[in-house]
Amino acid sequence: MRIGELAKRAGTTTRALRFYESEGLLEAQRTSNGYREYDEHDLRLVREIQALQSVGLSLQDTRPFVACLRAGHESGDSCPDSREVYRRRLAEVDACLERLTTVREFLLARLAFQDPCVVPEEIQCTS
């Protein structure tokens with residue numbers, strides 16, 4: 001299939017596909033007249049890249065998954081380098097959740113500190 005068809009089937013743009021190619025994530029075969037030619041395996045690679053990016057992985061993070069699929073594995077998740085990316089990103093998510101929990105607790109404490117029955121002086125009515 002040509003680049004336009006791949007883009008349509010993957011729900012992306014030809015520009016994105018050319019970028020993936022320039023980054024070494026996608027390798028197009030060339031026809032005799034120079035057109036890029038892709039197959040179902042390329043569609044699988046693009047969908048893997050898209051799925052990983054949709055959950056926050058960077059394009060760089062997708063490399064081990066693409067390499068795993070290119071090596072013939074059924075899943076991009078099955079190689080040690082891919083699993084290491086998951087472990088690293090999971091540690092980053094856990095650290096972020098810890099920070100957010102601290103912020104949440106701070107905000108809850110501040111809200112609990114405020115007595116809803118006391119009207120601040122700046123908005124009290126004077127008669």
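Is threonine 62 buried or exposed, and what is its relative accessible area? In this predicted model, threonine 62 is buried, with a relative accessible area of 0% (buried means under 20% relative accessible area, exposed over 50% and partly exposed in between, with a 1.4 Å probe and protein chains only). The model is predicted, and local features need pLDDT of at least 70, side-chain atom pairs count only at pLDDT 80 or more, and totals for chains, interfaces and linings use all residues. Residues are numbered from 1 along each chain as its sequence is written, and side-chain values use heavy atoms, with hydrogens and water left out.

Threonine 62 is found in helix 4 (helices are DSSP runs of H or I with at least four residues, strands are runs of E with at least two, and both are numbered from the N terminus). Not counting residues up to four places away in sequence, threonine 62 touches Leu25, Ile49, Leu52 and Gln53 (contact means heavy atoms within 4.5 Å).

Helix 4 (residues 59–70) packs with helix 3 at an angle of about 145 degrees, the axes being 9 Å apart (axes are lines fitted to C-alpha atoms, for helices over the stretch in contact, and angles run from 0 to 180 degrees between N-to-C directions). On the helix 3 side, His41, Arg44, Leu45, Glu48, Ile49, Leu52 and Gln53 take part, and they meet Leu59, Thr62, Phe65, Val66, Leu69 and Arg70 in helix 4. By class, this contact has seven nonpolar, three polar and three charged residues (Ala, Val, Leu, Ile, Met, Phe, Trp, Tyr, Cys and Pro count as nonpolar, Asp, Glu, Lys and Arg as charged, and the others, Gly among them, as polar).

Helix 3 (residues 40–54) also packs with helix 1 (residues 3–10), at an angle of about 45 degrees and with axes 10 Å apart. That angle makes helix 1 oblique to helix 3 (angles under 35 degrees count as roughly parallel, over 145 as roughly antiparallel, 65 to 115 as roughly perpendicular and the rest as oblique). Helix 1 contributes Leu6, Arg9 and Ala10 to the contact, and helix 3 contributes Glu40, Asp42, Leu43, Val46, Arg47 and Gln50. Four nonpolar, one polar and four charged residues make up the contact of helix 1 with helix 3.

Within helix 1, the buried residues are Ile3, Leu6, Ala7 and Ala10. Seen down the helix axis, they fall within an arc of 100 degrees, so they line one face of helix 1 (the arc is that of the directions from the helix axis to the C-beta atoms). Their cover includes helix 2 (14–22), strand 2 (36–37) and helix 3.
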